[in-house]
Amino acid sequence: MSQPDPSDASLPPAALAEAPVVVVPVVVVPVETSLPLRPALPTLVKYLPLAGACALALSLFTLLVSFLYARDQVVPLLAATGTLFAAGKEAGIPTGIAAGGNPWLVGWFLFITDSAAVLFTYPFLHLAFDGVARSRRGLGSVVRSAQMRADKHRAKIDRYGPFGLFLYLIIPFAFNSPLLGIAIGRATKLRPAQIVWAVFGAIFATSAAWTVLYSFVFREELRWPWWVPVGFSLLITTVAFTLGFVSHRREKRRLAAAEALLAQQPPPPPAPPSTP
């Protein structure tokens, strides 16, 4: 005799009560892992802020020792640091030396200070590179500028790898800053270790080169006054920032025109109703 089907609505309640209850076991499989919302930060990049804290501590220790044993070096070091972040080490080193700083002390201090700033900034640029590229303002424009420069120099960087990035970064003046080098390295898909060695190799090479050039060539041999390299660096930096500002405004107008054109287009026709 066949059993009544519980899903049959035509059966009387008494028949439904007599129907057997079939229990289907449900197996719940726990999900151990889930997809991350963003790519994981590489191990090397995670420890860069710690290295930046060590570099900053070394910079402050150098400043403290100078204050205790060579107090006349404190003002040149601070002047060189301020000029470094305003116009690059090409102007910071001459400013510090012209203010009475020891050339090797000024070069060393700017090297560790610049390194500390880059070490603290690298993880943020690495983590936010893809997200900020969609932003119109601030860091988004910097990342898009780095992307355009990376596309322009991609053949050289793809051919020479991190050495190509190093060669690009040792070109003087502030528009080839280490932060831009990090962004270009990310845009060209270099590994974090390759970017780190290329960027810090360029920081060390340019710090040593400008210390030697200004101390023994510009000042001793050519007898140039200190304001010549400083003024030239400031001029180049001003031109670079002006061109960047003009490019940013041009891009902003282009995006606004594209949005206005998109807003003028008629909406798409509604989809036809689906037939059963």
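Let me begin with a term: a residue is called buried when its relative accessible area is under 20%, exposed when that area is over 50%, and partly exposed in between. Please also keep in mind that this is a predicted model.

With that term in hand, consider the charged residues. How many salt bridges does the structure hold? There is one. It joins the side chains of Asp-114 and Lys-89, at 3.3 Å from N to O. The two partners come from distant parts of the chain, 25 residues apart: Asp-114 belongs to helix H6, and Lys-89 to helix H5, which covers residues 89-98. Are these two residues buried or exposed? Both Asp-114 and Lys-89 are buried.

Leaving aside neighbours within four places in sequence, Thr-206 is in contact with Lys-89, Leu-169 and Ile-170. Thr-206 has a relative accessible area of 10%, which is under the 20% limit, and therefore counts as buried.

Returning to Val-199, its contacts beyond four places in sequence are Val-118, Leu-169, Pro-178, Gly-181 and Ile-182.

Leu-169 is one of the buried residues of H9, together with Gly-164, Leu-165 and Tyr-168. Viewed down the axis of H9, the buried residues fall within an arc of 135°, so they line one face of this helix. In general, an α-helix has 3.6 residues a turn, so residues three or four places apart point the same way.

Finally, the surface. A nonpolar patch of about 830 Å² is formed by Leu-58, Phe-61, Leu-64, Val-65, Phe-67, Leu-68, Tyr-69 and Trp-108. Which helix gives the most to this patch? It is H3, with seven residues. Trp-108, for its part, is found in helix H6. Its relative accessible area is 38%, so Trp-108 is partly exposed, lying between the limits of 20% and 50%.

Thank you for your attention.

Notes
Residues are numbered from 1 along each chain as its sequence is written. This is a predicted model: local features need pLDDT of at least 70, side-chain atom pairs count only at pLDDT 80 or more; totals for chains, interfaces and linings use all residues. Side-chain values use heavy atoms; hydrogens and water are left out. Contact means heavy atoms within 4.5 Å. Buried means under 20% relative accessible area, exposed over 50%, partly exposed in between (1.4 Å probe, protein chains only). Helices (H or I, at least four residues) and strands (E, at least two) are DSSP runs, numbered from the N terminus. The arc is that of the directions from the helix axis to the C-beta atoms. A salt bridge is a side-chain nitrogen of Lys or Arg within 4 Å of a carboxyl oxygen of Asp or Glu. Patches are made of residues with over 30% relative accessible area and no salt bridge: like charges are joined within 9 Å, nonpolar side chains (Val, Leu, Ile, Met, Phe, Trp, Tyr) within 5 Å. Accessible areas come from the Shrake-Rupley method with a 1.4 Å probe; for residues, only the protein chains shown count as cover.
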